[in-house]
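Hi everyone, thanks for coming.

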Amino acid sequence: MSTRGPVVLIGLPGAGKSKVGRLLADRLGIAHIDTDALIVERAGRPIADIFATDGECAFRALETEAVAAALRAEGVVSLGGGAAQTPAVRELLSGHTVIYIDAPHDELVRRTASKTHRPLLARDPSGTLARLRAEREPHYRAVATIIVESGPGPVEDVVSAIAQELEHS
């Protein structure tokens with residue numbers, strides 16, 4: 001299988017963008033780039049600290065720069081859950097293969113409720129995820145070229161579904 005340009009993964013927290021991204025990149029024999037990790041590396045501090053100290057606008061500017069850099073590479077790119085809300089990021093995604101990993105609400109809650117690295121979801125994971133879906137899903141669907149469902153099954157099933165879609169696109 002050959003892919004040209006990056007393959008971009010988007011979706012809500014808990015959809016599996018990072019894990020699927022690593023496994024898909026291994027399967028395709030290409031690099032994996034996680035834009036959240038790229039931001040942390042470039043800024044030299046955690047995302048939560050950037051939000052708390054500099055605010056969301058500053059974070060989104062760093063995120064847009066990270067997305068632009070990642071899209072110049074050949075590989076699988078996992079975006080942060082809110083990246084597609086930014087108009088400049090949506091513009092950058094135009095013309096690329098963008099895969100929206102969609103998961104049912106209850107599955108997202110199950111995957112994220114006990115995770116301590118997601119402070120946004122700490123108090124009310126179900127309510128927060130419902131709000132995030134309402135805010136973000138229109139943007140995901142606007143930029144997605146492929147939509148893949150992710151349920152309670154093995155992550156390898158999602159990777160296989162994406163690989164199959166890429167073969168047919």
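**Salt bridges, pair by pair**

Let's start with Glu 107 and Arg 111, whose side chains meet in a salt bridge, 2.9 Å from N to O. By salt bridge I mean a side-chain nitrogen of Lys or Arg within 4 Å of a carboxyl oxygen of Asp or Glu. Why can these two pair up? Glu 107 and Arg 111 sit four residues apart in helix α6 (residues 105-112), so about one helical turn separates them. Helices here are DSSP runs of H or I with at least four residues, numbered from the N terminus. Glu 107 and Arg 111 are both buried, where buried means under 20% relative accessible area, exposed over 50%, and partly exposed in between, with a 1.4 Å probe and protein chains only.

A quick word on the source: this is a predicted model, where local features need pLDDT of at least 70 and side-chain atom pairs count only at pLDDT 80 or more, while totals for chains, interfaces and linings use all residues. Residues are numbered from 1 along each chain as its sequence is written, and side-chain values use heavy atoms, leaving out hydrogens and water.

Next, helix α4 (residues 56-71) holds Glu 63 and Arg 60, three residues apart and so separated by about one helical turn. They form a salt bridge, with the closest N and O atoms 2.8 Å apart, and both Glu 63 and Arg 60 are buried.

Now over to Asp 54 and Arg 45, which are joined by a salt bridge at 2.1 Å, N to O. Asp 54 is partly exposed at 38% relative accessible area, and Arg 45 is partly exposed too, at 24%.

How many salt bridges does the rule give? The count is eleven. Thanks, everyone!

Notes
Helix = DSSP H or I, 4+ residues; strand = E, 2+ residues; numbered from the N terminus.
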